[in-house]
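Dear colleague,

Please find the structure below for your files. My notes on what was found in it follow directly after.

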Amino acid sequence: MGKATQHAKASASGSHRWLNCTAAPTFESQFPDNDPGKYAKEGTLAHKICELTVNYNAGYITKRKFNSQIKKCRTDELFSEEMIKTAEVYGEYIWEKVMSFSEKPYQQQEVRVDFSDYVPEGFGTSDCIILGSGHLIVVDYKHGKGVPVSAENNSQMRLYALGALKKYGMFYPIDKVTMAIVQPRVTEEVSEETIPLSELLSWGERIKPIAQKAVSGIGAEFKEGTWCQFCKGKAVCRARSENMTALEDFKDLPIDGKLSDDEKTSRMAAMDAGFTLPPVLTDTEIGDLLYRAETLVSWYNDLKAYALEAILTGKDIPGWKAVAGRSVRAFDDADQAIEDIKKAGYEEAMLYERKPKTLAQLEKVIGKKEFDRIAGSHVIKPIGKPTLAEISDKREPYNQAAVDFKGATQA
Ligand code: SF4
């Protein structure tokens with residue numbers, strides 16, 4: 001989870017950022033910690049339930065203790081039944097992994113790991129570590145339901161693995177390492193990467209000088225990219241702003257554009273030689289611009305959020321002010337309002353609309369299994385409207401022929 005409660009300057013969860021932008025840890029240190037929002041608190045509770053589930057499955061706690069702890073979790077206002085289900089998915093995965101060993105492996109939840117041999121003062125907490133027969137498995141549970149996080153080449157997971165190695169390597173010989181991310185609210189598939197120990201160690205050596213730079217700040221450099229998303233200074237960072245404003249022209253192609261090196265080189269050469277670019281953008285350029293415009297929109301939203309917050313706390317952002325947004329009329333007491341209308345002689349039939357619950361609401365009320373049994377045969381899933389997505393998106397490309405065919409057979 002990356003929930004080191006006191007922060008390491010270069011944390012495992014922020015490693016994707018500081019490995020790319022070595023200036024980020026020093027830059028971020030001037031901003032206060034963000035208040036952990038509702039989602040972070042929900043994540044903490046979901047992790048707690050995961051931990052209890054795995055400990056119960058492993059026989060580390062009794063059923064009585066498990067039930068009483070879960071009962072306690074249920075009293076939390078952020079609790080939802082979904083947390084029990086996602087913890088079961090996580091628990092099942094851990095159980096399968098444990099059972100795949102020929103001899104019972106060592107297994108531990110919420111393990112504090114120290115990877116300071118690679119990252120100065122680096123430490124964190126790994127959700128689950130399983131060890132045995134030369135195999136180290138590091139598992140992370142993610143409760144978010146946004147973007148799927150891949151375990152492939154994932155620096156956070158690799159740092160946890162290096163920390164686990166430091167902790168247990170003396171007692172358990174290890175020759176291969178699996179890093180796994182369970183994210184049940186996004187996908188049923190668990191993302192895994194298995195690499196030989198030698199590969200993990202050489203990766204650790206490669207990042208050492210980068211981590212040194214990031215922590216000391218000496219020789220650190222700003223570099224804007226997708227990793228800015230969770231940077232505390234993202235709204236006010238000049239490096240990010242300069243990269244965004246470079247979109248106005250093509251003189252300095254942003255680092256993260258999608259043009260190939262050949263395309264960039266020939267474009268620069270043409271401009272250096274004084275050629276004017278053709279008035280019509282090519283499809284390749286449009287693909288590149290779309291990608292960068294998306295980044296620009298996200299930066300614009302960060303600027304807006306920062307400015308609003310600043311104005312509301314009494315600062316002056318020249319040229320801008322906070323106003324009340326559009327609001328919709330509502331009853332202060334809907335029951336009383338309806339009662340008054342009825343008393344005025346209006347028929348109930350005019351005042352109420354009888355609507356069935358949505359499919360998702362009915363499924364929730366009846367329960368998934370029972371819902372499938374009774375109404376499953378009536379459930380259809382029409383193909384959604386086409387929408388633009390990056391090529392890396394996991395969904396299948398939209399198939400117009402399949403849509404036309406479906407339409408024809410339904411007619
Ligand atoms: S916003 Fe981006 S470029 Fe600026 S410090 Fe943060 S990670 Fe680096």
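A residue is taken as near a molecule or strand if one of its heavy atoms lies within 4 Å of it. Of the 13 residues around the ligand, those that come nearest are Cys21, Phe27, Cys228, Cys231 and Cys237.

This is a predicted model, in which local features need pLDDT of at least 70 and side-chain atom pairs count only at pLDDT 80 or more, while totals for chains, interfaces and linings use all residues. Residues are numbered from 1 along each chain as its sequence is written, and side-chain values use heavy atoms, with hydrogens and water left out.

Helices (H or I, at least four residues) and strands (E, at least two) are DSSP runs, numbered from the N terminus. Helix H3 (residues 38-57) packs against helix H5 (residues 81-99) at an angle of about 45°, the axes being 8 Å apart. H3 is therefore oblique to H5 (angles under 35 degrees count as roughly parallel, over 145 as roughly antiparallel, 65 to 115 as roughly perpendicular and the rest as oblique). Axes are lines fitted to C-alpha atoms, for helices over the stretch in contact, and angles run from 0 to 180 degrees between N-to-C directions.

Five strands form an open sheet with mixed pairing, in the order S1-S2-S3-S4-S5; two strands pair if DSSP finds at least two bridges between them. Strands S1 (106-114) and S5 (191-196) stand at the edges with a single partner strand each, so one side of each has no neighbour in the sheet. S4 (residues 176-182) pairs with S5 in the antiparallel sense over six bridges, and Ile181 stands opposite Ser191 in S5.

With kind regards
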